[in-house]
Amino acid sequence: MLNRWIEESLLETLGELGIGCIAFSPLAQGMLSKKYLAGIPADARAAKAGSFSKDLITAENIRRIRELNAIAERRGQTLAQMAIAWVLRDPRVTSALVGARTAEQLADTLKSLESLAFSAEELSEIDLYAEDGGINIWKVSSSIGRASS
């Protein structure tokens, strides 16, 4: 939801070829969970040195995540469940790598399968907030070999 680069042309190409893809990091490194709604917890990935910098937890990203969380609550889902269902709504996305670390996280993830349908109104509202959040930490590696414009 916060890293939508595959919509530029990849999904269209996959559809034309009749093949699917596996979405990775559908929870945007945990940003699309409730973890960061009140700041950066000490045990969070963003609080530690590594590829996911706390600089990605911007006020604008938090604002959008809070709005998406409100939509999820109206749907009777957690934000993580809605984010996974949103990724899986497209038939060209055949699977999603969720990176659950605990049995509890896996059980919560599996509940996303209970409500995969979205109304047109929900999708429109989600699109207001599910914008690129500047978190594509893989942009360089996914652009290798592509012609520059």
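## Basis of the model

The structure is a predicted model in which local features need pLDDT of at least 70 and side-chain atom pairs count only at pLDDT 80 or more, while totals for chains, interfaces and linings use all residues. Residues are numbered from 1 along each chain as its sequence is written, and side-chain values use heavy atoms, with hydrogens and water left out.

## Asn69 in helix 2

Asn69 belongs to helix 2, which covers residues 59–75. Helices here are DSSP runs (H or I, at least four residues), as strands are (E, at least two), numbered from the N terminus. With a relative accessible area of 8%, Asn69 is buried. The term buried denotes under 20% relative accessible area, exposed denotes over 50%, and partly exposed lies in between (1.4 Å probe, protein chains only).

When residues up to four places away in sequence are not counted, Asn69 touches Lys34, Leu37 and Leu79. Such a contact requires heavy atoms within 4.5 Å.

Side chains of opposite charge can pair when their charged atoms come close. Seven salt bridges are found in a search of the whole structure; each is defined by a side-chain nitrogen of Lys or Arg within 4 Å of a carboxyl oxygen of Asp or Glu. One of them joins the side chains of Glu60 and Arg64, at 3.4 Å from N to O. These two residues are four apart in helix 2, so about one helical turn separates them. Glu60 is partly exposed at a relative accessible area of 36%, whereas Arg64 is buried at 6%.

Arg64 also forms a salt bridge with Glu131, where the closest N and O atoms are 3.8 Å apart. Because Arg64 lies in helix 2 and Glu131 in the loop between helix 5 (120–129) and helix 6 (139–143), this pair ties together parts that are 67 residues apart in sequence. Glu131 is partly exposed, its relative accessible area being 38%.

Arg92 is partly exposed at 28% relative accessibility, while Asp90 is buried at 11%. Elsewhere, salt bridges with shared partners connect Glu60, Arg63, Arg64 and Glu131 into one network.
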